[in-house]
Amino acid sequence: MKVFITGGSGFIGLPLVKRLLEQGHEVKVLDLQKLDVEHENLEFINKSILDKLSEDVKGSDIVYHFAAILGVDNSDNKPLETMKINLEGSVNVFKSVIEAGVKHVIYVSSSEVYGEPRELPIKEDSVKGPVSTYGVSKLAAEIYAKAYTREFGTDIRIVRFFNVYGPRQSNNFVIPIFINKALDNKPLEVFGNGSQTRCFTYVEDAVNGILTVVGKGKSGEVYNIGNNKPTTVLELAQIIKELTGSNSEIIKAGFGKETRLKEREIEYRIPDISKMKVLGWKPKTMVKEGIKKIFEFKKKKD
Ligand SMILES: NC(=O)c1ccc[n+]([C@@H]2O[C@H](COP(=O)([O-])OP(=O)(O)OC[C@H]3O[C@@H](n4cnc5c(N)ncnc54)[C@H](O)[C@@H]3O)[C@@H](O)[C@H]2O)c1
């Protein structure tokens, strides 16, 4: 197959690119960041998702749209730029795909679209109430994706990832922050009392999930892809402290302007993954094991 991936140089995009190349597909990656892989079946396009793309995507069997500005704090610091890239950029990708006659698209969305859930576990059709610019931008692009599916019959499937982690994740996210601090024996700070629950999803499970949706999912459908075993942020700090053998103290940091506004913090986040289970997918790597894999990766790199 001829596969086109926006944001394919990124943390989740790159392992997918590698997997698709192993499977013998021809892959084009569009990203602003250089791709650190070379392969005879791989082409890199150094462009923005805001640029004209229809000629680039023409002839692709499927487009995976990953490119985005990430992070709750990061996007709240630059709301207009976030909306521009995540919403206008996504609409541009969908329009280019339709113009070029590409039939299949996967839009990569986020559990941030739900905000603080009104029910647990969170189902795909649970109430959406994003509380960050990032969450709003991802939800707005989903709404366009659904409208384009209805209007043009393009098969756009949406996956909502829940807190993906693994090797190469940017240092702004909680697992790399805790690992780096623990390795330096610096304090690990949890916001509030650290009781926030997250379902940390190992990156290879996320890649397996998206490929399952491509193979067995349905047009216009939305799928939660996440680990359904919750871990509190305090437990996460304890696990990382134990695995690193660190002397770090675990500190409970209050909410506030200097740390994290309470209104921006989601207390509970657990996905209902029954739709993915019906397709034959479930997460395989639990959080302790996933963190050990990050250490193995770091050792190989050094
Ligand atoms: N990491 C997570 O926990 C998580 C959770 C839910 C959803 N997601 C979604 O998964 C996708 C990938 O996230 P990631 O974690 O790999 O992040 P990442 O930042 O590593 O990857 C994003 C990629 O997009 C590229 N990019 C940014 N702006 C661009 C532009 N204007 N034009 C072209 N490329 C551009 C970046 O260079 C980067 O390579 C995003 O859509 C994100 O919203 C991630």
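Which residues in helix 4 meet which residues in helix 5?

Modeller: Two caveats to begin with. This is a predicted model, where local features need pLDDT of at least 70 and side-chain atom pairs count only at pLDDT 80 or more, while totals for chains, interfaces and linings use all residues. Residues are numbered from 1 along each chain as its sequence is written.

Now the pair. Pro79, Thr82, Met83, Asn86, Leu87, Ser90, Val91, Phe94 and Ile98 are the helix 4 side, and they meet Thr133, Tyr134, Ser137, Lys138, Ala140, Ala141, Tyr144, Ala145, Tyr148 and Phe152 of helix 5. Contact here is C-beta atoms, placed from the backbone, within 7 Å; helices (H or I, at least four residues) and strands (E, at least two) are DSSP runs, numbered from the N terminus. By class, this contact has 13 nonpolar, five polar and one charged residues. In that scheme Ala, Val, Leu, Ile, Met, Phe, Trp, Tyr, Cys and Pro are nonpolar, Asp, Glu, Lys and Arg charged, and the others, Gly among them, polar.

As for geometry, helix 4 and helix 5 pack at about 15°, with axes 9 Å apart. The axes are lines fitted to C-alpha atoms, for helices over the stretch in contact, with angles from 0 to 180 degrees between N-to-C directions. The two helices are therefore roughly parallel, a label for angles under 35 degrees. Their crossing is right-handed, that is, the near helix is turned clockwise from the far one by less than a right angle.

Staying on helix 5 (residues 133-152), have a look at glutamate 142. Glutamate 142 is buried, because 20 other C-beta atoms lie within 10 Å; the cut-off is 20 or more for buried, 12 or fewer for exposed, and partly exposed in between, with C-beta atoms placed from the backbone. Leaving aside neighbours within four places in sequence, glutamate 142 touches Tyr107, Ser109, Val113 and Ile158. Its C-alpha is also 9.3 Å from that of valine 222, 80 residues apart along the chain.

Of the 28 residues around the ligand, Gly7, Gly10, Phe11, Ser110 and Phe161 come nearest; a residue counts if its C-beta atom, placed from the backbone, lies within 6 Å. Helix 4 (79-100), strand 2 (26-31) and strand 5 (104-110) each give two or more residues to that shell. The shell divides into 15 nonpolar, 11 polar and two charged residues.

Conventions:
Contact = placed C-beta atoms within 7 Å. Parallel < 35°, antiparallel > 145°, perpendicular 65-115°, else oblique.
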